[in-house]
Amino acid sequence: MKQPLIHFILCWIVLSALSALQAQDLKNIKADRFFSGSLTKVLDELAKEHSLKFSFDREALAKMPVDDRPFNESLDVFLNNLCKPHKLKYALHEGTIYVMQKTSNLEQVLRTQVGKVDTKTNLPTRTNLTVTGKVRDAQTGEALPFSTVGIKGTTQGVSTNADGYFVLQKVPSDTATLIANFIGYREAVVRLLPNLPTDNISIDLAPTTNELTAVTLSGEREDMMSTQRTDISVVRLTPKTLERLPNVGEKDIMRSFQLMPGISASNESSSGLYVRGGTPDQNLIVYDGFTVYHVDHLYGFFSAFNANALKDVQLHKGGFESRFGGRLASVTEITGKDGNQKQFNVGGDLSLLSFNVFAEMPIGDKFSSVFAFRRSYKSPLYQSLFKRFNENDQNNSQNNTQNTPFAQNTTQARSYFYDLNGKLTYRFSNNHSLAWSIYNGTDKLDNGYKVETPSFLASRGISLDFGINDLTNYGNLGSSLKWTQRWSPKFYGSALVSYSNYYSNRDRSNNGTITSSNGEQRTIKFGTLEDNNLKDYSLKTDYQWDYLPNNQLQFGNMHTNYDIKYTYSQNDTTTVIDKDDKGYTSSVYLQNRTKLFNNRLQFVAGLRANYFNITDQWYYEPRFSATYNVTKRLTLKGAWGNYYQFANRIVREDILAGSRDFWLLSNGTNIPVSNSQHYIAGLAYETPQYLFSVEGYHKDLSGLSEYSLRFTPSSQGIKYDENFYNGTGFAQGIEFLAQKKGGKVNGWVGYTLGKVRHKFDVYSKDFFPAQNDVTHEFKAVGIYQHKRFDASITWIYATGRPYTAPSGAYNISLLDGTTESYFSISDKNSLRLPHYHRLDVAFNYRLFSKGNDIGYIGLSLFNLYNRTNVWYKQFEIIENSIVTTNINYLGITPNLTLSLKLR
């Protein structure tokens with residue numbers, strides 16, 4: 001209670017002193033003529049006539065009209081009359097008149113007047129002090145997580161935490177200059193002053209949206225201060241300017257990440273991330289603290305995350321810290337918006353695929369909210385995408401009906417997707433808040449139809465009620481309640497409870513009834529049914545203690561209860577897989593971040609321990625990473641870590657129609673706990689305009705699982721639970737990145753040389769290429785910006801992915817007179833699809849109203865030169881011959897987007 005009281009008294013004293021100065025200095029100046037024009041023009045005239053100094057927002061005040069005739073009024077009265085209609089205040093400080101919305105903003109204004117403060121009259125009064133505070137968005141008041149704050153002229157610097165707080169220790173003096181940065185925002189230069197507090201200061205950053213300057217996607221991007229060369233294998237992205245990159249219907253955070261080296265971009269049918277040889281299920285996705293298990297909309301053409309609801313996204317490609325667990329490959333950390341804390345805002349997007357609306361509403365000074373909703377509609381683009389993914393199924397269905405005397409009903413199927421985001425935040429004080437976040441995304445893809453009764457049966461009094469079902473319904477529901485408390489300037493904590501549910505139902509069955517002329521009915525049902533339902537209940541705490549100037553301790557715990565069900569049945573009579581697994585993991589972690597040798601060396605050492613009740617064992621995960629700044633521009637990096645995964649997505653091999661996957665919980669026997677060890681080394685060289693980096697990685701994998709029905713393990717009849725097979729593997733590669741970070745023309749080029757090998761004894765005694773193995777992948781991104789206009793171009797090239805195919809086929813006549821087809825299979829993943837490449841372009845024109853950025857009009861062309869890229873191959877056995885069909889990705893696909901917002 002003492003600190004808020006002291007701050008209140010100091011603020012009262014400062015404002016009282018300012019009022020006294022105003023009364024004394026401004027009463028002697030008189031205004032006695034007619035003033036007309038903008039408020040900016042009037043203040044400029046007053047400054048010239050009376051040799052005054054003003055500080056104000058010229059662009060904002062230029063929109064405020066003035067028509068006034070003071071009669072020998074003192075300047076303090078006249079300024080009050082000028083400011084009052086526009087809800088402005090003014091304050092006089094050291095000979096400068098500051099015009100602003102609130103006099104409480106004076107502290108921030110004074111701190112940013114670097115170069116205008118006479119250092120001779122502001123000599124330091126304190127040295128070696130600690131500065132704490134929060135970095136915020138100047139327009140909305142939202143905290144900016146993981147932004148950087150450093151001391152000008154030194155190598156000292158820190159990153160803010162998830163709630164925007166920072167602790168900067170060993171600051172040389174109370175006249176030092178701080179520099180704050182956040183991707184997508186202008187750099188802020190803040191000067192400390194002896195007469196102002198250094199605890200709980202606010203640093204406001206202005207978005208660069210109106211300027212359209214530097215590229216905002218950054219791989220291992222370091223700020224202009226070298227203190228931030230501390231992260232390893234990190235890619236950061238701001239959702240604010242995603243529209244500059246080409247897209248298929250939606251601006252997409254996951255597709256944007258795929259443009260960076262080490263992340264595969266050749267799989268159009270999945271917006272999930274294949275990071276350094278890992279699969280999407282091995283990438284932990286955390287959204288406001290809860291886990292998201294599936295990220296695809298519309299068969300994976302784009303992700304289920306609405307960019308209008310997001311504030312910041314970070315991807316850790318490997319070697320991630322001990323505070324993260326439960327995945328083998330990588331971590332995607334997503335922070336949702338808290339909502340505008342200053343004023344109401346509303347906006348939306350309309351594309352050829354969907355409509356998207358959002359609203360932000362503050363209530364008072366302590367409560368903020370944001371809601372966003374997106375839904376598809378039956379546009380030509382949606383129908384084209386839906387048809388592409390269902391073209392093969394439709395052809396099969398048509399072939400089946402052509403071989404029967406039945407006619408297909410032409411009733412249009414009902415298909416759509418939607419997602420909803422919401423967040424409510426209440427701030428008890430500057431150091432204490434409570435936030436509730438919710439997310440729901442759902443796809444319903446219906447390609448079914450009914451079969452009509454043919455006329456020759458109807459004439460005999462026979463009626464047919466028969467349907468061909470092809471229904472897929474999947475999605476995510478997640479929510480979290482997070483409490484945060486800054487207990488002291490150096491100690492911060494949070495507690496979170498969360499719920500996450502992934503559901504997937506697939507019905508590919510044929511069913512109905514045949515009614516004879518005498519009224520007898522016969523029911524027919526055959527096909528396949530799949531149902532996967534995963535529920536995750538979690539409790540988590542995280543603490544951060546800056547106990548020494550060069551040491552930061554982080555620790556916490558997490559408890560997760562799993563409830564995972566999966567059933568797979570055929571022909572309504574045979575249950576192939578029926579799993580109902582329940583279990584929990586309890587985890588604790590501890591890690592210490594240390595800086596040595598004048599901040600040139602930084603290392604993070606940590607340990608995570610997990611107890612898994614199914615196996616009744618502890619799993620330990622030691623981790624270590626280090627960076628060393630050889631010079632101000634050259635940095636060496638390295639990391640090592642051990643990682644376990646307890647809930648896995650299992651591949652169900654299907655040679656003819658394409659493999660599918662499902663989530664299951666490890667049981668310690670035929671579905672073991674999977675494990676990975678990471679080894680990473682690299683270097684980066686950066687100038688203010690360019691970044692060059694190279695990183696090599698190696699991962700050892702064990703406990704991999706796959707399901708296949710091509711083997712019959714039991715001579716006493718098929719026991720389907722025995723068809724889970726286990727293996728090992730490794731992934732290794734090297735990544736190169738060259739990036740131009742600023743200017744009218746910017747962008748980057750990236751290249752990855754990678755290798756992923758698996759070994760399952762049931763398939764081969766030797767290592768074979770994994771399904772996600774891509775040897776070479778090259779990406780080039782160019783962005784041009786000029787005033788309101790920007791254009792971008794991306795080109796992707798990748799070698800073909802491996803696949804398995806039938807190598808021969810034959811038919812056997814059974815005793816009942818029927819025949820059954822059999823086929824032999826090639827070596828596992830011994831064949832390769834053709835090389836993949838495509839060129840995408842995008843054009844945007846920003847819209848302004850009264851000087852404010854209110855949206856844009858965008859045109860995007862996907863696969864501009866209409867390359868035919870193969871998605872997968874499908875095989876059919878016809879008369880002892882194998883017929884191969886290429887299922888292709890999209891050709892050239894245009895999209896038009898209109899985006900508007902109030903502010």
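Which order do the strands of the open sheet of 3 strands have? In this predicted model, the order is β11-β8-β14, and the pairing is mixed. Strands β11 (165-173) and β14 (201-205) stand at the edges. Each has a single partner strand, so one side of each is left without a neighbour in the sheet. On average, neighbouring strands of this sheet are turned by 40° against each other, direction ignored. Strand β8 covers residues 127-137 and runs antiparallel to β11. The two are joined by 6 bridges. Within β11, Leu 168 stands opposite Val 131.

The structure holds 37 aromatic pairs. One of them joins Phe 491 and Tyr 543. This pair is stacked, with 6.0 Å from centre to centre and 15° between the planes. The pair links distant parts of the chain. Phe 491 belongs to strand β32 (residues 491-515), whereas Tyr 543 lies in strand β33 (residues 521-548). The two residues are 52 residues apart. Phe 491 has a relative accessible area of 23% and is therefore partly exposed, because buried residues fall under 20% and exposed ones over 50%. Tyr 543 also counts as partly exposed, at 23% relative accessibility.

A further pair is formed by Trp 871 and Tyr 889. Their ring centres are 6.0 Å apart and their planes meet at 25°, so this pair is stacked. It too links distant parts of the chain, 18 residues apart. Trp 871 sits in strand β54 (residues 870-878). Tyr 889 is placed in the loop between β55 (881-888) and β56 (893-901). Both Trp 871 and Tyr 889 are buried.

Tyr 287, Phe 290, Phe 305 and Tyr 439 form one aromatic cluster. Charged side chains also lie over aromatic faces. Arg 33 lies over the face of Phe 35, at 4.0 Å from the ring centre. Lys 337 lies over the face of Phe 358, and here the distance to the ring centre is 5.4 Å.

Ile 671 was considered separately. This residue is found in the loop between β40 (660-665) and β41 (674-686). Its relative accessibility is 1%, so Ile 671 counts as buried. Neighbours within four places in sequence left aside, Ile 671 is in contact with Ile 650, Leu 664, Leu 665, Ser 666, Ser 705 and Phe 724. Asn 726 is 55 residues from Ile 671 in sequence. In space, the C-alpha atoms of Ile 671 and Asn 726 are 7.4 Å apart.

Key:
Residues numbered from 1 in each chain as written. Predicted model: local features only at pLDDT ≥ 70, side-chain atom pairs only at ≥ 80, totals over all residues. Heavy atoms only, no water. Phe/Tyr/Trp six-rings, centres within 6.5 Å; stacked < 30°, edge-to-face > 60°. Helix = DSSP H or I, 4+ residues; strand = E, 2+ residues; numbered from the N terminus. Buried < 20%, exposed > 50% of the residue type's maximum accessible area, 1.4 Å probe, protein only. Lys NZ or Arg CZ within 6 Å of the ring centre and 35° of its normal. Contact = heavy atoms within 4.5 Å. Pairing = 2+ DSSP bridges. Axes fitted to C-alpha atoms, helices over the stretch in contact; angles between N-to-C directions.
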